[in-house]
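Hello,

Here is the structure you were to receive, with notes on what was found in it below. Please read them with the coordinates open.

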Amino acid sequence: MLEARSVTVRIGMRKLLDDVSLQVAAGEIVAVVGENGAGKSTLLKLLAGDRLPAAARVDGSVWIAGRELVAWSLAERARLRAVLPQRPELAFAFTAREVAAFGRYPVSTRWHDRRDREIVDAALALADATQLADREVTTLSGGEQARVHLATAFAQLWEIEHLQPRFLLLDEPTAALDLAHQHALLVTARAFAARRNIGILAILHDLNLAATYADRVVVLHRGRMLAQGAPGDVLQPATIAAGFGVAAQVLRHPLTGGLLIATAAVDPSA
Amino acid sequence: MTASGVAAPRRLPGRAVLVGLALLLVTVVVLAVGHGSFRVAPLDVLRILASNAGLDVGSVDPRQVAVLNSIRLPRVLLAVIAGAGLAVAGALMQGLFRNPLADPTLIGVSSGGALAAAFVIVLGATWLPGISKVLGAWTLPLAAFLGALAVTLVVYRIGAAGGFLSLPSVLLAGIALNALAMAGVGLLSYLASDEQLRNLTFWSFGSLGGATWSMLTAVVPLALVAVVAGSLLARPLNALALGETQATHIGVDVLAVKRATIVLTALAVGSLVAAAGVIGFVGLVAPHAIRLACGPDHRIVLPGAALLGAVLLVFADALARTVVAPAELPIGILTATLGGPFFLVLLLRRRGQIGL
């Protein structure tokens with residue numbers, strides 16, 4: 001279980017998060033949605049154990065696999081969860097294969113380990129980045145870089161160790177991707193996680209992606225939890241209007257039979 | 001589906017390059033030891049080295065032995081350790097600042113060491129006589145280490161404000177501290193006696209002419225610690241290329257790596273500045289050349305830069321002491337003449353990427 005227990009984050013008088021509690025179970029996908037500034041990234045940073053701005057005051061606690069996050073060492077955390085950042089950086093001209101191999105850092109200490117190489121190649125294939133393997137990542141497009149860094153996260157969580165619950169945090173993973181890769185990423189991540197007892201928390205902007213791939217949806221609004229539950233229960237016109245300030249209608253998807261959420265600007269004259 | 005991006009240029013196999021550089025270094029050292037106004041043939045050099053090691057190689061010319069053992073060998077060994085130490089310091093600093101343009105001389109680390117060393121030379125006898133008595137030959141290297149460390153810390157603090165490392169701030173802070181340190185050295189040279197002044201000029205230009213065995217016993221261990229321990233940081237430095245946050249996510253103790261890198265850089269630069277003055281650009285050129293040839297993996301870049309830096313400096317020193325013979329060119333002037341244009345080309349090629 002990855003868990004935030006009544007977390008509040010303040011900077012001065014402003015509350016970035018206000019008494020938010022959230023659980024991600026192993027094997028499930030939780031989508032976090034909300035407008036800009038709703039506190040999604042702050043929540044993900046907190047769950048990842050990232051450093052918040054020095055002025056931030058945090059109340060509440062984050063728990064992972066039965067212990068408080070701060071009680072795990074950095075190396076232990078790296079074996080419990082992987083994070084796909086929103087805007088990955090890279091300083092030197094490493095190849096995609098080398099970047100994916102960074103995912104083996106917490107697990108392997110050998111230089112040329114055959115098993116590591118096989119895992120890295122498999123992770124690249126899973127992220128549809130095999131054909132990028134020998135290219136310098138600094139020269140790739142944003143979407144291609146995102147796929148390479150996804151391969152890094154896959155390589156990091158590749159082992160199935162004692163069915164220990166583990167977690168994958170995705171910060172707007174689809175932002176730089178084309179349509180096909182948006183679906184491919186979520187399908188692949190879901191299959192990867194299901195086989196390995198990994199829970200996924202993903203920040204998503206596209207409500208239809210959230211409705212299609214998430215087991216549960218969490219709506220944040222101005223730092224507060226507006227709603228959470230099954231997509232069908234949470235993604236209702238009233239909640240969407242309150243959370244995003246847009247008009248919404250929930251339809252049946254003609255291709256999949258799932259939810260289809262149509263949105264439009266609120267008519268100012270209405 | 002098509003993929004964009006440039007295929008990585010063909011890289012040379014890292015380990016083969018390391019072996020090749022090691023062999024090259026041995027060759028260059030043997031040639032450099034014999035090279036100079038008093039020539040010793042390479043075979044004689046090898047025989048003398050063997051007889052030093054206690055092997056029976058027949059009779060050796062005692063004049064050659066004297067020149068080699070008391071003048072050439074310490075000087076070439078200092079060139080080896082200075083080249084390796086400065087190159088590793090440069091590679092460490094570039095890994096830490098995540099930028100291939102970082103260099104200890106450019107951001108004031110060397111001048112910080114030089115200022116501390118100048119302080120000890122000029123005012124040490126009056127202000128800290130007790131300390132020099134206790135530390136002996138170690139006083140100068142340790143002082144230079146502390147000076148270099150102080151500058152590195154300040155530059156890092158200013159450049160990394162807000163958890164984000166901005167290279168322009170690092171360079172500007174480095175320029176300011178460089179100017180301050182040089183002003184300090186200038187002030188001290190104003191106070192200095194004639195003999196102290198000769199010592200000081202040597203600091204600002206860099207020279208391996210002061211190499212003696214007793215100095216080497218103080219400098220070599222310090223610089224060697226930096227080179228060896230620095231090489232152990234290769235994997236975490238690779239991961240640091242991802243940025244501090246993502247490096248933390250894969251289990252790197254970023255704070256510990258940063259601290260170790262800063263201390264080791266200051267250790268190498270400080271002790272070498274104390275021994276040889278300010279020698280620029282080795283730390284820039286050597287790691288960059290290895291990265292071009294073998295890719296950016298620090299497990300190759302760190303040892304490779306150490307070997308290449310040593311080769312370059314042994315070569316440069318051999319040039320410095322013969323090109324205007326019987327006079328001697330300060331080696332810092334030579335490396336700056338060669339390294340300055342190199343840096344400018346690098347800067348022009350990467351201008352878009354460093355936000356300047």
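The buried residues of helix 1 of chain A are A:Lys40, A:Thr42, A:Leu43, A:Leu44, A:Lys45, A:Leu46, A:Leu47 and A:Ala48. Bear in mind that this is a predicted model. Helix 1 covers residues 40–48 of chain A, and 8 of its 9 residues are buried, so the helix is largely enclosed by the rest of the structure. After helix 1 of chain A comes A:Gly49, with a positive phi near 80°.

Strand 4 (residues 56–64) and strand 5 of chain A run antiparallel and are joined by 2 bridges. In that pairing, A:Ile64 is opposite A:Arg67 of strand 5 of chain A.

**The six-stranded sheet of chain A**

Chain A also has an open sheet of 6 strands, in the order 6-7-8-3-9-10, and here the pairing is mixed. Strand 6 and strand 10 (224–229) of chain A are the edge strands, each pairing on one side only. From one strand to the next, the twist averages 15°. Helix 5 of chain A packs on this sheet, in touch with strand 6 and strand 7 of chain A, and its direction makes about 180° with that of strand 6 of chain A. Strand 6 and strand 7 (residues 166–171) of chain A are parallel, with 4 bridges between them. A:Val83 has A:Leu169 in strand 7 of chain A as its bridge partner.

**Hairpin and loop in chain A**

Strand 11 (residues 246–252) and strand 12 (residues 259–265) of chain A are antiparallel and joined by 7 bridges. The two strands make a hairpin with 6 residues between them, and A:Gly257 in the turn takes a positive phi of about 80°. A:Val246 lies opposite A:Ala265 of strand 12 of chain A.

A:Asn197 is not a glycine, yet has a positive phi of about 60°. A:Asn197 sits in the loop between helix 6 (179–196) and strand 8 (198–203) of chain A. Its count of C-beta neighbours inside 10 Å is 16, which means that A:Asn197 is classed as partly exposed.

**Chain A as a whole**

In total, chain A has 9 helices and 12 strands. For its 270 residues, a compact globule would have a radius of gyration near 18 Å; the value for chain A is 19 Å, which agrees. Along the principal axes, the C-alpha atoms of chain A fill a box of roughly 65 × 45 × 35 Å. Of the 270 residues of chain A, 46% are buried. Among contacts in chain A between residues at least 6 apart in sequence, 65% join residues at least 24 apart.

**Where chain A meets chain B**

The contact between the chains involves 34 residues of chain A and 25 residues of chain B. On the chain A side, helix 2 (74–80), strand 6 (81–84) and helix 5 (142–156) each supply at least two residues. Helix 2 of chain A gives the most, with 4 residues. The residues on the side of chain A that touches chain B divide into 19 nonpolar, 6 polar and 9 charged.

**Chain B**

Helix 1 of chain B (residues 14–34) has 21 residues, which at 1.5 Å a residue should span 30 Å; the end C-alpha atoms are 31 Å apart, which agrees. The buried residues of helix 1 of chain B are B:Leu21, B:Leu25, B:Val28, B:Val29, B:Ala32, B:Val33 and B:Gly34. These buried residues pack against helix 2 (42–52), helix 3 (62–97) and helix 14 (298–320) of chain B. Just after helix 1 of chain B, B:Gly36 has a positive phi of about 145°.

B:Arg98 has a positive phi of about 55° although it is not a glycine. B:Arg98 is located in the loop between helix 3 and helix 4 (109–127) of chain B. With 19 other C-beta atoms within 10 Å, B:Arg98 is partly exposed.

Regards

Methods:
Residues numbered from 1 in each chain as written. Chains lettered and ligands numbered in written order. Predicted model: local features only at pLDDT ≥ 70, side-chain atom pairs only at ≥ 80, totals over all residues. Expected span 1.5 Å × (residues − 1). Buried ≥ 20, exposed ≤ 12 C-beta atoms within 10 Å, placed from the backbone. Contact = placed C-beta atoms within 7 Å. Rg over C-alpha atoms; globule rule 2.2 N^0.38 Å. Nonpolar A, V, L, I, M, F, W, Y, C, P; charged D, E, K, R; others polar. Pairing = 2+ DSSP bridges. Axes fitted to C-alpha atoms, helices over the stretch in contact; angles between N-to-C directions.
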